[in-house]
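Hi there,

Here is the structure I promised to pass along. Have a look first, and my notes follow below.

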Amino acid sequence: MSCTEPTLNTPLLSSFPNKTDYSDQDPQPLTKPETRPESNNILISIPHSPNSQTPYKCLAIIPGNAGPISSLTLCGEFLFSASSTKDITVWQHPDLRQFTKFGHGEGSVKALVAVGNHVFSAHQDGKVRVWKVSSRSENAFRLVASLPTTRDYLGRCMKQSNYVQTRRNHRRLWIEHGDSISCLAVHGDLVYSGSWDKTLKVWQMSNLKCLESIRAHDDAINALAVHDGLVYTASADGKIKAWGKRNVMKNSHCLLNTLVARNNMSWNAIATCANTGLVYAAGSDGHVAVWRCDLEKEKNVWRLVCNVKAHDMAVLSLCVVSELVFSGSGDRSIGVWKRERGGGLGKLGLLRGHEGPVRCLQASWYRAGRGYVVYSGGLDRSLRVWWVPQEDMLGDK
């Protein structure tokens with residue numbers, strides 16, 4: 001996750017970056033839904049006055065979801081939420097009117113990423129599913145592929161060298177994930193998936209083929225982020241690894257560096273911040289660590305600039321927007337932090353209200369109210385919306 005600064009006035013769902021051979025028609029743009037009494041609309045009042053002194057306000061709570069919220073992602077004026085069930089819900093933000101719902105995969109949804117008119121979902125059954133806005137049904141997403149595709153599978157299954165040993169007396173194609181896929185990221189024409197099977201896989205968006213499989217860690221990969229051509233993987237083995245392409249003309253990746261801050265802990269979440277070279281990682285020991293990536297003598301060098309005790313329990317999620325960092329924890333709170341000069345973190349406050357661990361976070365800048373709308377999903381099956389004013393309006397809080 002990177003700290004690109006989404007706003008509430010961005011276009012709906014932008015056009016897909018590449019024409020793909022699995023699209024039968026150009027998708028029609030989504031239209032705003034009509035208000036229906038049965039749609040469980042939540043009306044949110046966001047402060048519009050630049051002089052508003054409303055600090056850390058909970059704007060809405062949507063309880064009673066079918067399962068714990070596992071992932072959130074923003075795309076244009078829509079928020080996508082996934083749970084441990086097989087459904088993905090699309091909300092129009094910031095007022096959280098339910099727009100549509102889709103899913104019905106074979107495994108619970110663990111991660112989401114939306115790009116243009118397509119959504120990629122990672123599942124417990126080891127599959128990545130690709131959805132697109134249907135041109136045949138208004139406001140519906142249609143499943144167009146599962147990765148690896150049948151064509152990719154059949155093209156490799158006859159060659160024995162394409163098989164790898166996964167467990168004793170068990171082999172599978174290297175293009176297959178052998179366990180739950182925990183995280184996804186997109187950069188350019190590439191989709192990255194990280195799994196509890198300890199591998200990082202690289203897929204080409206234009207043809208949906210698996211280009212590369214990397215045995216990246218000694219334990220489960222819990223999170224990944226991509227920024228400026230660098231791929232970061234966070235693992236339960238206590239390491240953050242940075243990967244880059246060996247050749248800009250090829251898609252093969254090599255290990256550039258291993259980032260270590262503390263021993264005997266698991267990294268659960270990772271985020272990057274554009275134009276700063278900063279990498280944020282959240283640990284099972286309640287710490288948030290920050291590294292700065294600098295270019296020295298045509299080589300990337302990472303320096304640990306901050307390692308702060310952020311929560312009393314494991315930090316499970318991170319979100320970076322502008323100069324603010326949000327951390328969601330097993331202690332049921334959300335930390336609000338300001339990025340300080342040099343890359344350090346200064347604590348501004350806490351958002352409290354969840355009745356279970358905070359599993360995922362997203363945030364968006366709201367220009368009219370000079371503040372941020374923060375979305376949080378918890379293992380308590382609730383989706384919550386918060387208002388955080390711009391840092392210079394917080395006074396001495």
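This is a predicted model: local features need pLDDT of at least 70, side-chain atom pairs count only at pLDDT 80 or more; totals for chains, interfaces and linings use all residues.

How many disulfides does a search of the whole structure find? The search finds 0, where a disulfide is a pair of cysteine sulfur atoms within 2.5 Å.

Residues are numbered from 1 along each chain as its sequence is written, and side-chain values use heavy atoms, with hydrogens and water left out.

Now to the charged pairs. The count comes to 6 salt bridges, each defined as a side-chain nitrogen of Lys or Arg within 4 Å of a carboxyl oxygen of Asp or Glu.

- D125 and R129 meet at 2.9 Å, N to O. D125 is partly exposed, at 31% relative accessible area, whereas R129 is buried at 6%.
- D285 and R262 meet at 2.6 Å, N to O. D285 sits in the loop between β21 (278-283) and β22 (287-296), and R262 in the loop between β19 (253-259) and β20 (267-273), so this pair ties together parts that are 23 residues apart in sequence. R262 is partly exposed, with 32% relative accessible area.
- R303 and E296 meet at 2.5 Å, N to O. R303 is partly exposed at 36%, and E296 is partly exposed at 34%. Through salt bridges that share partners, D294, E296 and R303 are joined into one network.

The strand names come from DSSP: helices (H or I, at least four residues) and strands (E, at least two) are runs numbered from the N terminus.

Finally, the nonpolar core. Which residues of the largest nonpolar core touch the most other members? They are F120, V128, V130, L147, L184 and L208, out of 21 residues in that core. A nonpolar core here is a set of buried Ala, Val, Leu, Ile, Met, Phe, Trp, Tyr and Cys residues joined through side-chain atoms within 4.5 Å. At least two residues of this core come from each of β6 (109-115), β7 (118-123), β8 (128-133), β9 (141-147) and β12 (181-187).

Best wishes

Technical notes:
Buried means under 20% relative accessible area, exposed over 50%, partly exposed in between (1.4 Å probe, protein chains only).
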